[in-house]
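Please open the structure in your viewer and keep the selection tool at hand.

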Amino acid sequence: MKYILVLSKQDLRLSKFEVIEYLGLNKIVSKKELALINLSDKKAKAIKNLAYTNFAYEILFESSMKNLLSKIKKFDWQKHYKKKYCVRCVGIDVSNERKYADLIWNKLRKPKADWKKANSEFVFIKFGNKIFVTKLIWKNSKDFLQRKAHLRPQLHPSSLDPRLAKACVNISTGLRKKKVLDPFCGTCGILIEAGLLGHKIIGCDLDVIMARKGVINLDHYGINKFEVGLRDALDFKEKVDAVVTDIPYGRNTKAKEIEVVVKKFLEKAYKFSKKIVVMFPNDAKYKKLLGKWKIKAEFNHYLHKSLSKKIVVLKK
């Protein structure tokens, strides 16, 4: 089945990469924020877990603009209609919405139109030279906004944005449930997102107060299966599927000191992890710390004002 995703323009490269890595695709065809993908029914159900995708549409049929009206008249709209419907256009003059809606009306039994509270939202999308006629199947509720640092019972101002944390977890794990480690977990912002996605989560931190705050936050979001505690990341040897971490520069540590720890950890992690997504301050000289790890992708992610973060995806 073919779908069109509307990606977040906040970071288009990262949005596309999350889709590819999480859904296990070789590539996607995209035009600006629109991405055309082909998915099995199983993978399509996982779209709802994407962080940097705003909408998902199932493609009902495609057409040229020339043949569009005749195809609308021939299509079985009743099969895709529930209670109330509306029509929207993307990349097409919105004045056409009424015309298309009227044609659909004539193909329905007991039709009801409601632009604000439609159960069936039919969207006509211009994609290159083609018109894709689609049905909305998912809208991102952005529930992660309710998990921002200042809304958690235990906060820390440097905690990672939950949308970014969720995307990094998706990139690291793909569709399967995995064992995910954050070796510098702090108040567990990354592990909250991994836990809510159903992964087994493990967190280490040398600051006992931060670790306790992290446990309180996990409990608050109903995550009860985790291993989080006072532990040196350099002592960790257990096999994990993925590591996702935001390097704690500035958290009572000098840059040179944390770089020594990170370099040693990445060297050890090469033996027990398959994939790592690690975040550095934008000005960090991180390439000298990577050892045998190879860079699969890297992103310069804008946060706010003059602050940005470097997201680095590592593979063996």
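**First stop: aromatic rings**

Select phenylalanine 17 and phenylalanine 299: both are buried, where buried means under 20% relative accessible area, exposed over 50%, and partly exposed in between (1.4 Å probe, protein chains only). The model is a predicted one, in which local features need pLDDT of at least 70 and side-chain atom pairs count only at pLDDT 80 or more, while totals for chains, interfaces and linings use all residues. Residues are numbered from 1 along each chain as its sequence is written, and side-chain values use heavy atoms, with hydrogens and water left out.

Next, select phenylalanine 75 and tryptophan 77, whose rings form an edge-to-face aromatic pair, 4.8 Å centre to centre with 70 degrees between the planes. Rings of Phe, Tyr and Trp (its six-membered ring) pair if their centres lie within 6.5 Å; planes under 30 degrees apart count as stacked, over 60 as edge-to-face and the rest as tilted. Phenylalanine 75 and tryptophan 77 are buried. Now widen the selection to Phe61, Phe75, Trp77, Tyr81, Tyr85, Tyr100, Phe122 and Phe124, which form one aromatic cluster.

Colour helix 5, residues 162-173. Helices (H or I, at least four residues) and strands (E, at least two) are DSSP runs, numbered from the N terminus. How many of the residues of helix 5 are buried? Twelve of its twelve are, leaving helix 5 mostly covered; among them are Pro162, Leu164, Cys168 and Thr173. The expected span of a helix is 1.5 Å times one less than its number of residues. For helix 5 that gives 16 Å, and its end C-alpha atoms are 16 Å apart, so the two agree.

At the start of helix 5, look for a side-chain oxygen of aspartate 161, which reaches to within 3.1 Å of the backbone nitrogen of arginine 163. After helix 5 comes glycine 174, with a positive phi near 70 degrees.

Move on to helix 6, residues 189-196, which is largely enclosed by the rest of the structure because seven of its eight residues are buried. Ile190, Leu191 and Glu193 are among the buried ones. Just after helix 6, glycine 198 has a positive phi of about 95 degrees.

Select lysine 32, in the loop between strand 2 (29-31) and strand 3 (34-38). Lysine 32 is exposed, with a relative accessible area of 69%, and its phi is near 55 degrees, a positive value in a residue other than glycine. Most residues other than glycine have a negative phi.

Then jump to lysine 110, in the loop between helix 4 and strand 6 (120-127). Its phi is also positive, near 50 degrees, and lysine 110 is exposed, with a relative accessible area of 79%.

Where is aspartate 93? Look in the loop between strand 5 (85-90) and helix 4 (96-105). Aspartate 93 counts as partly exposed, at 48% relative accessibility, and its side chain reaches the backbone nitrogen of serine 95 at 2.9 Å. For a distance across the model, draw a line from the C-alpha atom of aspartate 93 to that of proline 248: they are separated by 49 Å and are 155 residues apart along the chain.

**Last stop: helix 7**

Finish with valine 208, which lies in helix 7 (residues 208-220) and counts as partly exposed at 34% relative accessibility.

Terms used. A polar contact is a pair of N or O atoms within 3.5 Å; within protein, one must be able to donate a hydrogen and the other to accept it, and residues adjacent in sequence count only if both atoms are side-chain atoms.
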